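Subject: Handover of a structure

Dear colleague,

Please find the structure below, followed by an account of what was found in it. Kindly read the text with the structure open beside it.

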Amino acid sequence: MDFSILTIFPDIFNSFLSHGIIRRAIESNIISVNPMDIRDFASGKHRITDDRPYGGGAGMVMKPEPLAGAISEAKSKTPGARIILLSPQGRPFKQSVASELSMLDGLIFICGRYEGVDERIYELIDEEISIGDYVLTGGEPAALIIIDAVTRLLPGALGGEDSAEKESFTDYLLEHAHYTRPPVFEGEAVPDILLSGNHGAIADWRLESSLIRTLLKRPDLLDSKNLGNREKEVLQRWCEYIEQLITS
Ligand code: SAM
């Protein structure tokens, strides 16, 4: 998958792209990441990419011409790519959106700065995405977050050591608890069942851990989940237990 990032700070991405799973995905040609300097598409000696807002008021606005030039160049390299404006006003980014985006040939991210981009840029984009209900100074962290979440869903990106299949938000559940060595840490022992070698019992323990965590931390996720009999049974037992605690 090809990612193009339209930004006035292309160097921000160097460190992120040279570590861990993202670096390996680039080296294995699973992804390519191309930060593009919007200033390269600005005219004049000073290559200005922003200007004062019409109508007055605080802040600066990103000019449309350099952005349009950068979009056109990125689109010519990956014609099938979706053009995404990063914005706090966009569609909320979730695991399901990451999964949808991972099916595409490429993504072109427009990283805004200042007050955002000139309104006429909306004619050139496919959609607007937000990474959460808060305001960042620029779209660059949002581009990194989306690239990271999408890349780990691409075939081969995680290698053999990890799996995206059972992670949180897959099938509306949070992932189960994890333990590693030592077997006892500050008096707290690893649950016996995880040391038992009984794979059926371990799978059942993990399902229960996953359901309880979701119930306690993100009960809203369960609204969308189709519960199987075993899952209903576990939740019922925990709800009864919680009720007993409240009423005793
Ligand atoms: N004036 C804009 C508003 O109130 O909607 C906020 C502009 S913000 C300071 C500058 C840029 O940061 C935006 O153009 C966008 O690219 C990026 N940005 C800020 N918050 C974001 C979010 N939650 N998700 C994605 N991008 C965001």
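The ligand sits in the largest pocket. A pocket is defined on a 1 Å grid over the protein atoms alone, as an open set of points where a 1.4 Å probe fits, with protein on both sides within 12 Å along at least five of seven lines. A molecule sits in a pocket if more than half of its atoms lie within 2 Å of the pocket's grid points.

Please note that this is a predicted model, in which local features need pLDDT of at least 70 and side-chain atom pairs count only at pLDDT 80 or more, while totals for chains, interfaces and linings use all residues. Residues are numbered from 1 along each chain as its sequence is written, and side-chain values use heavy atoms, with hydrogens and water left out.

The pocket

The volume of the largest pocket is about 480 Å³, meaning the space filled by probe spheres set on grid points that are joined across faces, edges and corners. It is lined by 27 residues, and Leu86, Ser87, Pro88, Glu115 and Gly116 are the closest to its centre; a lining residue has an atom within 4 Å of a grid point. Strand β5 supplies the largest share of this lining, 5 residues. Strands are DSSP runs of E with at least two residues, and helices are runs of H or I with at least four, numbered from the N terminus.

The ligand

Around the ligand there are 20 residues, of which Leu86, Gln89, Gly112, Tyr134 and Leu136 come nearest; a residue belongs here if one of its heavy atoms lies within 4 Å of the ligand. β5 gives the most to this shell, with 4 residues.

Which backbone atoms lie close enough for a polar contact, a pair of N or O atoms within 3.5 Å? A polar backbone atom of Leu86 is 2.6 Å from an oxygen atom of the ligand. Nitrogen atoms of the ligand are also involved: one lies 3.3 Å from a backbone N or O atom of Ser87, and a distance of 3.0 Å is found for Glu115. The protein covers 84% of the 580 Å² of accessible area that the ligand has on its own, by the Shrake-Rupley method with a 1.4 Å probe.

Two backbone details

The peptide bond from Arg181 to Pro182 is cis, with omega near 5°, and Pro182 lies in the loop between α5 (140-151) and β8 (184-185). Arg47, although not a glycine, has a positive phi of about 45°.

Conventions. Polar contact = N/O pair within 3.5 Å; in protein donor to acceptor, adjacent residues only side chain to side chain.
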